[in-house]
Each structure stands twice: as C-alpha cells, then as structure tokens.
Amino acid sequence: MRQIDWSKWALPALLLLAILLRWGTFFPSVINHDETTYFLIGKGLLEGQNYLVDSYDTKPIGIFLVYALMSFLGGGSIFFLRLFTALVVGLTAYLLYRLGKKASGSTKVAWAAGISYLLLSSIFKFYGISPNTELFFNPFTIGALLLVWGEERKVYHFLLAGLLLGAGFMIKYVIAADAMAIGLFLLWQGWRKERLFKSVLQECLPLTLVFFLPLALTYGYYASIGQTEAFLFYTFDVTSRYPVEASWGDRFVFALAFLGRFFPFTLLAIFALREPLAKDRVWQGFLMLWLACVTVMTLLPGKTFGHYQIQMMPPLALLAASWFDPERGQQAWLRKIPALWSRGFLLATFLGISIGLFSYFQNKLDGPRLVAAALKERLAPGELVYTGNYHHIVYHLLGQKSLTPYVHSSLLFYEHHVNALEIDLAEEAQHILAQQPRYILLRTDHPHNVLTNSIYKRYEITDTLPDKVWLLEPQNHE
C-alpha cells in the first residue's frame, strides 16, 4: 500500500488539529476581558472611530486592527472570532513546522515542533485558550525567523523579516525581545565567521530600519489627523508607566512555574540539550538565547499574567522538538515505544483536551449572556446600560456601544491604570452619567473610588443579577 506523504498536508492538518483542540472554546461570550476590549474597539474602528481619539487602551493599534478584520470577516460573531483565532494558532504551528524542518532537516522534528505549539497554547485557560496579543504576534516572529535562518539569504530576506517584526511590534511592543534575540544571533554569527561588518551592513541594518517602518507609518497617520500628542503619550508615557513593583523572587517563581506547568516539554528540551549534536548545536544555542530574551521580557512588567508566557512557547516547542532528531539516541526506552502506540496516545490526548474544554465551558455559567438576557427584558427602546466593572461584552450582546472611551473596565477601576493614563475620574464619571444610563452594573466585590462614589450619589442597588452583579437604577426611578 502506498504511504501518504503527510508533509504535503502539514498546513491543513495543523489547521484542523487546532480547530479540533479549541472548538469547545468557540461558544462562551467571554473567556478573558482583554479579548472583549480588542473586539469592541476593533468594531469601533470599522464604524469610523479612531483609536487613541475615540477609544483608549494600553496596547498599540495592531491588535485592534486584527480584531477589526476578524469582525469584518465574521460579521461580528464571537464564534467566528474564536474560529479565526484557532486558525491563527494552526498557522503558527505550521510556520514552526517549516522552521523546525529548515533548521534540522528532519520531518519528525518539524511535526514535533508544530504539534508541541498546538498543545502548549491550547491547554490552559490563561496560557493560550483565551485569545490574547501573544497568539497574534507569534506568527510574525516565526515568519521572520524563517526568512533569516540559513546560509542562502539575500538583503531582501532581512528587509521582509524586519517588516514582519515591525508589524508584530504594532500588535504588542514586547516582540522587541524576539527581535533582539535575532539581532544578537546575527551579530554573533558575523563575528564567529569573521564577517561582522557584512553582518551589520547587510543583515542587521536593513532589518532594523524596516522594523521601525510600521511605527513610523502609524505616527504619520496620527500626525495627519492632528493627534501626534495623543500618539506619543500613549505610546511612550503610558507604556513606561505600565510595569509595577514586584520582587525578583516572585518573578523567578513565575518563570519556573511556566517550565513546571509544561513539564513534559521542558523535560524533552533538557534531554535534547544533554545530547548535543554538531548539526544543531548552533540552532539550540539560538533557541536558548531566544528563550532567555523573551523570558526576561515577560518578567519586566512585574505582573504574573499567564498570557505573557505564550511568547515563550515557540522556542520551548522547538527545543522540545529537537529531541526527535533521528540522530539522537538517548532515552532509548522512550524511543522504542511503537509508532502506533505513540500516535494513538497523541490522538487520545487531542481528543481528551478537546472534549475537556468543551465540557468545561458548557458547564460553566455564562454570566454575561444571562445578565444581557435579564437586561433585554427590562430595557425600553433607546435606554442605555453602563457595564461598570462587569464584563463589557454585554454592550455587544445588547447591541450597544461603550459609554466610555476607556473600554476595558480596569482602566477606570484600578488606581495603577488611572494614574498611568492620567484619567480624571470625576470628569469621566460626569461624562458617563450625563448619558443617563437606565441601568448600571457593578460586581458585588467592586473597588470604591471617585467613579463609584459618583454613581452611588445618583443610583441605588435594586436587584442582584446572575454572576454576582448588582443592578443599579437612578434614585427615585419610579
């Protein structure tokens, strides 16, 4: 019987596997409130709003453009947003497949790299299941590496790589760590091969110059609409204020926790590093440099958000995959497992994760949908809702717009964000209340500040909705 050459089907296979793993996550109204912010601001862009003028956040414009595109293609459907995200994850896995094959020459390593990334990014809720910026800039990093890795490279490869990294930079600035790893490696290679000047002039310089092109074009756009000051403030001032104080002990534990959480991949990476091969010594050295750079970047903000560490998944996946190189022979007991058994175990793992995620989200209270349904029964035509510090996806479910340009609720309810963005809470409270919302939502455990004090002067709690949400109405509303 003729064997199937699965390498020809790598792209559709990895896309389908990504959908298989993540389909159970397509249905909830919200998994993480960051995704909702990208969605609502992205929809605003489609309706003619200007980011940093009509809406504000701490991220660069790229992620909102991505969500605007997905909203346009999917008609504003949450289901299709999650489907498109799964396709992005599958595409990233395919790019890792290509990169693993290019660096090692082994199809086994290539498949291991792609499948490892699918698993790493599709198991834990806040480590890839909830769509976030890292999932969308990882393919730009890997695409850039595909262009610059190897010997037969021309100047245009570095120009295109710089453009990809620059585009990723406009999704989230932390991709600078990936770019730094690539740049340092190119310089080291130039020094090692005694062609440092050529490396600087023909590789690093073109890559660096084009890297800043998307940022320069974005600046030009804001200058053309007279919003240079807003662009500079949110790009540099707000970004510099984002990190918080945290002990390096806590940051170290945060980094170790990632390696422990994905211990099977960490163990394979250790096995591969302990059995060096001349053919991939340089490759593994680069992967360690890359992993170190992005690890430092995840620690700098001082916040232990799991989605930061999605940036660490590509180098870990490639390191773990290098264990599968046919020239390695240690851990013979593991390598002697029959191929049919290992494939069966892998298939069972995929199906188990897929069914587990579907079961988890099906049995989990979808609070925002219940709250939106309760509000629909109460709202008269033209009446507005302010979602307070509750899930702002409720705006979308009700067909309304955010009553504040600070769409992400944490921006108005957490002092660190209020100070970083220099928000005048009293003025913003007046702006929200001047729109005379019929109902205001507040979590029962909300913080108290100038905004909530202003709300309580004019509104009172009249009911408790599902998901521990207080419903507030104007005083003397009857």
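**Notes on salt bridges, rings and a nonpolar patch**

1. Starting with a charge pair: Arg153 and Glu203 form a side-chain salt bridge, at 3.4 Å from N to O (a salt bridge being a side-chain nitrogen of Lys or Arg within 4 Å of a carboxyl oxygen of Asp or Glu). Arg153 sits in the loop between helix 7 and helix 8, and Glu203 in helix 10, so the bridge ties together parts 50 residues apart in sequence. Helices here are DSSP runs of H or I with at least four residues, strands are E runs of at least two, and both are numbered from the N terminus. Arg153 is buried at 18% relative accessible area, and Glu203 is buried at 6%. For the cut-offs, buried means under 20% relative accessible area, exposed means over 50%, and partly exposed is in between (1.4 Å probe, protein chains only). Arg195 comes in too: Arg153, Arg195 and Glu203 are linked in a network of salt bridges.

2. A word on provenance before going on. This is a predicted model, in which local features need pLDDT of at least 70 and side-chain atom pairs count only at pLDDT 80 or more, while totals for chains, interfaces and linings use all residues. Residues are numbered from 1 along each chain as its sequence is written, and side-chain values use heavy atoms, with hydrogens and water left out.

3. Back to charges: the structure holds 14 salt bridges. One of them is between Arg82 and Glu35, with 2.8 Å from N to O. Arg82 belongs to helix 4 (residues 78-104) and Glu35 to helix 2 (residues 33-46), so to speak distant parts of the chain, 47 residues apart. Both Arg82 and Glu35 are buried.

4. Where does the salt bridge of Lys193 and Glu151 sit in the chain? The closest N and O atoms of Lys193 and Glu151 are 2.8 Å apart. This pair links distant parts of the chain: Lys193 is in the loop between helix 9 (176-192) and helix 10 (196-211), and Glu151 is in the loop between helix 7 (133-148) and helix 8, 42 residues apart. Lys193 is partly exposed, at 31% relative accessible area, whereas Glu151 counts as exposed at 55%.

5. On to rings. The whole structure gives 36 aromatic pairs. The rule is that rings of Phe, Tyr and Trp (its six-membered ring) pair if their centres lie within 6.5 Å; planes under 30 degrees apart count as stacked, over 60 as edge-to-face and the rest as tilted. Among the pairs is Phe233 with Tyr234, which is edge-to-face because the ring centres are 5.0 Å apart and the planes stand at 85°. Phe233 is buried at 16% relative accessibility, and Tyr234 is buried at 9%.

6. Tyr360 and Phe361 also make an edge-to-face pair, with centres 4.9 Å apart and planes at 80°. Here Tyr360 is partly exposed, at 40% relative accessible area, while Phe361 is buried at 9%. There is also a ring cluster to look at: ring pairs link Trp23, Phe26, Phe27, Phe79, Phe80, Phe84 and Phe358.

7. Two arginines deserve a line as charges over rings. The charged end of Arg261 sits over the ring of Phe124, 4.6 Å from its centre, and Arg335 lies over the face of Trp323, at 3.9 Å from the ring centre. The test is NZ of Lys or CZ of Arg within 6 Å of the ring centre and within 35 degrees of the ring normal.

8. Now the surface. Which residues make the nonpolar surface patch of about 610 Å²? They are Val155, Tyr156, Leu159, Leu160, Leu163, Leu213 and Leu217. Patch residues have over 30% relative accessible area and no salt bridge, with like charges joined within 9 Å and nonpolar side chains (Val, Leu, Ile, Met, Phe, Trp, Tyr) within 5 Å; areas come from the Shrake-Rupley method with a 1.4 Å probe, and for residues only the protein chains shown count as cover. Helix 8 (155-169) and helix 11 (213-224) each supply at least two patch residues, and helix 8 gives the most, with 5. Val155, in helix 8, is partly exposed at 38% relative accessibility.

9. Last, His431 in helix 23 (residues 425-433). His431 is partly exposed, with a relative accessible area of 37%. Leaving aside neighbours within four places in sequence, His431 is in contact (heavy atoms within 4.5 Å) with Leu403 and Pro405. His431 and Thr404 are 27 residues apart in sequence, yet 7.7 Å apart in space, C-alpha to C-alpha.
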